[in-house]
Amino acid sequence: MTDDIVASVVRQWHAVNPELDTGPMELIGRINRCAALLQQAEDAPLRAAGLSRAEFDLLGAVRRTDRELTPGELARETFSSGAAVTKRLRILQERGLVDRRSDERDRRVTHVRLTEEGRALVDQLLPRQLAYERAVLSGLDQRTRSQLSTQLSELLVQLEGRIGGARR
C-alpha cells in the first residue's frame, strides 16, 4: 500500500521529535484531508445544476422533512450559521426553488418551502448525486465502506456529545 500525505507528515514529525505521539494527527489529519478532497471535487452533478453543496443541503433538508422549515430550523438541520442560511435562501428564492412566507402570528418568523421547480430539481438531482458519491467511493469494497461508516458514526456521536452541535 502506498503511503498517503499524512504518513509523510508523521514521518517528518518523528524525524524532528521521535517522542511525539502523532496518533491523533494521523486520524484527524486523514479525516480532514478526505473532507478537503471531497469538497474539492465540487460534487459534479450539483455543479452542473448550478448549485453548491450548501445550497443543495438546504433544499434537501426541506424535501426530506417534507414540511416548511424556518431559517433557524434550516440552520440546525444543515449545521450552518443563520447568516449563511439567509444568504443561500435569497439565492434559492431568486432562482425560483424556494418560497418564503411570513408567519401569521409572528411576522418576524418566516417559513420556507420548496416550489414545484425546487422539489423537481431535488428529486432529479439526488439519484445523480448518490451515483456520483458511489463512484467516488468505488475503490472501497462494500464491507470496508460499511465498517468505515460505522466507525465514523461512532466518532461523530462522541464528538457531538463532547464538542456540541448535537442534533435533536
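## Exercise 1: The buried residues of helix α4

Buried in α4 are Glu55, Phe56, Leu58, Leu59, Gly60, Ala61 and Val62. The model is a predicted one.

**Task.** Determine which elements the buried residues of α4 pack against, and state how far α4 reaches from its first C-alpha to its last.

**Solution.** 

Step 1. Consider the dimensions of the helix. α4 contains 13 residues, and the distance from its first C-alpha to its last is 18 Å. This is close to the 18 Å expected at 1.5 Å a residue.

Step 2. Identify the surroundings. The buried residues of α4 pack against α3 (44–48), α5, α6, β1, β2 and α7 (116–136).

Step 3. Take valine 62 as an example from α4. Its relative accessibility is 5%, and buried means under 20%, so valine 62 counts as buried. Leaving out residues up to four places away in sequence, valine 62 touches Arg67, Leu69, Leu74, Val112, Arg113 and Leu114. Between the C-alpha atoms of valine 62 and alanine 75, which stand 13 residues apart along the chain, the separation is 11 Å.

## Exercise 2: The packing of α4 with α6

**Task.** Describe how α4 and α6 are oriented to each other, and list the residues that make the contact.

**Solution.** 

Step 1. Recall the two quantities required. A pair of packed helices is described by the angle between the axes and the distance between them.

Step 2. State these quantities. Helix α4 (residues 53–65) packs with helix α6 (residues 82–94) at an angle of about 80 degrees, and the axes are 10 Å apart.

Step 3. Classify the angle. Angles of 65 to 115 degrees count as roughly perpendicular, and α4 and α6 are therefore roughly perpendicular to each other.

Step 4. List the residues. From α4 come Ala54, Glu55, Leu58 and Leu59, and from α6 come Val85, Arg88, Leu89, Ile91 and Leu92. Sorted by class, this contact of α4 with α6 has seven nonpolar, no polar and two charged residues.

## Exercise 3: The packing of α4 with α5

**Task.** Are α4 and α5 roughly parallel or roughly perpendicular to each other? List the residues that meet.

**Solution.** 

Step 1. The axes of α4 and α5 come within 10 Å and cross at roughly 105 degrees.

Step 2. This angle falls in the range of 65 to 115 degrees, and α4 and α5 are therefore roughly perpendicular to each other.

Step 3. On α4, the residues are Asp57, Leu58, Ala61, Val62 and Arg64, which meet Leu74, Glu77 and Thr78 in α5. By class, the contact of α4 with α5 has four nonpolar, one polar and three charged residues.

## Exercise 4: Residues with a positive phi

**Task.** Locate aspartate 66, phenylalanine 79 and glycine 96 relative to the helices.

**Solution.** 

Step 1. Aspartate 66 follows α4 and lies in the loop between α4 and α5. Its phi is positive, about 60 degrees, although the residue is not a glycine. Exposed means over 50%, so aspartate 66, at 51% relative accessibility, counts as exposed.

Step 2. Phenylalanine 79 belongs to the loop between α5 and α6. This residue is not a glycine either, yet has a positive phi of about 55 degrees. At 51% relative accessibility, phenylalanine 79 counts as exposed.

Step 3. Glycine 96 follows α6 and has a positive phi near 80 degrees.

Conventions
Residues numbered from 1 in each chain as written. Predicted model: local features only at pLDDT ≥ 70, side-chain atom pairs only at ≥ 80, totals over all residues. Heavy atoms only, no water. Axes fitted to C-alpha atoms, helices over the stretch in contact; angles between N-to-C directions. Helix = DSSP H or I, 4+ residues; strand = E, 2+ residues; numbered from the N terminus. Parallel < 35°, antiparallel > 145°, perpendicular 65-115°, else oblique. Contact = heavy atoms within 4.5 Å. Nonpolar A, V, L, I, M, F, W, Y, C, P; charged D, E, K, R; others polar. Expected span 1.5 Å × (residues − 1). Buried < 20%, exposed > 50% of the residue type's maximum accessible area, 1.4 Å probe, protein only.
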